[in-house]
Amino acid sequence: MYDYLNESFRNEESLQYILSIQVSLNGFSFCIRKANDNSLLVFKHTDLKISNEQLVARRLEDWIHEEELLQKKYKALELIWMGPHFTLLPDNLNEEQIFSDTIRMLFPVQTEEYAVSNIEQLNARLLFLLPTELKRFLNDHFESFQIRHGVENLIRQNEKDAQEKQVRLLFDEKELYIIYFDEGQLKLCNAFSIKHANDAVYYILSALKQFKVTPKNISAYLAGKSVFLTASCEMLEKYFRSVDYFVPSPSATSGLDQKTISEYPCLFNGK
């Protein structure tokens, strides 16, 4: 059973499609898109509660074996990881030693497993940690793949976005990612652990206070999934000029409503 299945999807044409898989401790999702126009063909989400990152690869392997479509060959495969340990670096810093030194200085988790995405619009590289077993599983089971991070689509802007101050909030259950733009310039991109909707509001307002901006002059856009999201949205409406769902643009996902698209902003990418 799929959350969305386009009637034009053909099993035998999988080599003409792109498969995207999103992985977090709170569940797995996948979508299949046409390679030529990025239009959505299949989407499915599976809710899970995984106690720690060491178990992700095992659960992912079981899930892939359960999903027939995930065992086919595709034109391209991308895996989107949701994890709080990431940082942006200038794009001219592109050496393994620099990445290793950055990991040791910034992150409490000691691991040599990481991935790097090139964010051309920002002239930056997004460095993020990966569970060791997950990286090993991907290398063992797939010939080629691209690894991306769940914040990537939220740190990209279009021309319309560049004209205003705005904050983008990505929820992944008890993790909150805050991205703040000031007229096209990325000022903040960070992750926080939350245990209540009040925590989300506190971190957002505290972060903006550092930049001496008034929330009433800012638009807030929410994405992701969390038990705290609805309550957070209602509370944020008291502080911000407007509160709405974040939807990647351009989007070729006409079969889904905006709320569903906003729950997976990197899975439904506009590339």
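**Close-up 1. Helices H4 and H5 are oblique to each other in this predicted model.** H4 covers residues 197-209 and H5 covers residues 229-236. Their axes come within 8 Å and cross at roughly 45°. Angles of 65 to 115 degrees would count as roughly perpendicular, and angles under 35 degrees as roughly parallel. The crossing of H4 past H5 is right-handed. On the H4 side, the contact uses Ala197, Asn198, Ala200, Val201 and Ile204. On the H5 side, Ala231, Ser232, Met235 and Leu236 take part. Sorted by class, this contact has 7 nonpolar and 2 polar residues, with no charged residues.

**Close-up 2. Helix H1 packs with helix H3.** H3 spans residues 132-141, and H1 spans residues 56-66. The two axes lie 8 Å apart, at an angle of about 35°. H1 brings Val56, Ala57, Leu60, Glu61 and Ile64 to the contact. H3 brings Glu133, Leu134, Phe137 and His141. The classes here are 6 nonpolar, 1 polar and 2 charged residues.

**Close-up 3. Phe28 and Trp63 form one of the 13 aromatic pairs in the structure.** A pair of aromatic rings is described by the distance of the centres and the angle of the planes. For Phe28 and Trp63, the centres are 5.2 Å apart and the planes stand at 55°, so the pair is tilted. The pair links distant parts of the chain, 35 residues apart. Phe28 sits in strand S3 (residues 27-34), while Trp63 belongs to helix H1. Phe28 has 0% relative accessibility, so Phe28 counts as buried. Trp63 has 3% relative accessibility and also counts as buried.

**Close-up 4. Phe86 and Tyr177 make a tilted aromatic pair.** Their rings are 5.9 Å apart, centre to centre, with 35° between the planes. Phe86 is in strand S6 (residues 86-90), and Tyr177 is in strand S11 (residues 175-182). The pair therefore ties together parts that are 91 residues apart in sequence. Phe86 counts as buried, because its relative accessibility is 10%. Tyr177 is buried too, at 1% relative accessibility.

**Close-up 5. Ring pairs join four residues into a cluster.** The members are Tyr2, Phe28, Phe30 and Trp63. Look for Phe28 and Trp63 again: they are the tilted pair with centres 5.2 Å apart.

Key:
Residues are numbered from 1 along each chain as its sequence is written. This is a predicted model: local features need pLDDT of at least 70, side-chain atom pairs count only at pLDDT 80 or more; totals for chains, interfaces and linings use all residues. Side-chain values use heavy atoms; hydrogens and water are left out. Rings of Phe, Tyr and Trp (its six-membered ring) pair if their centres lie within 6.5 Å; planes under 30 degrees apart count as stacked, over 60 as edge-to-face and the rest as tilted. Helices (H or I, at least four residues) and strands (E, at least two) are DSSP runs, numbered from the N terminus. Buried means under 20% relative accessible area, exposed over 50%, partly exposed in between (1.4 Å probe, protein chains only). Axes are lines fitted to C-alpha atoms, for helices over the stretch in contact, and angles run from 0 to 180 degrees between N-to-C directions. Angles under 35 degrees count as roughly parallel, over 145 as roughly antiparallel, 65 to 115 as roughly perpendicular and the rest as oblique. A crossing is left-handed if the near helix is turned anticlockwise from the far one by less than a right angle, and right-handed if clockwise. Contact means heavy atoms within 4.5 Å. Ala, Val, Leu, Ile, Met, Phe, Trp, Tyr, Cys and Pro count as nonpolar, Asp, Glu, Lys and Arg as charged, and the others, Gly among them, as polar.
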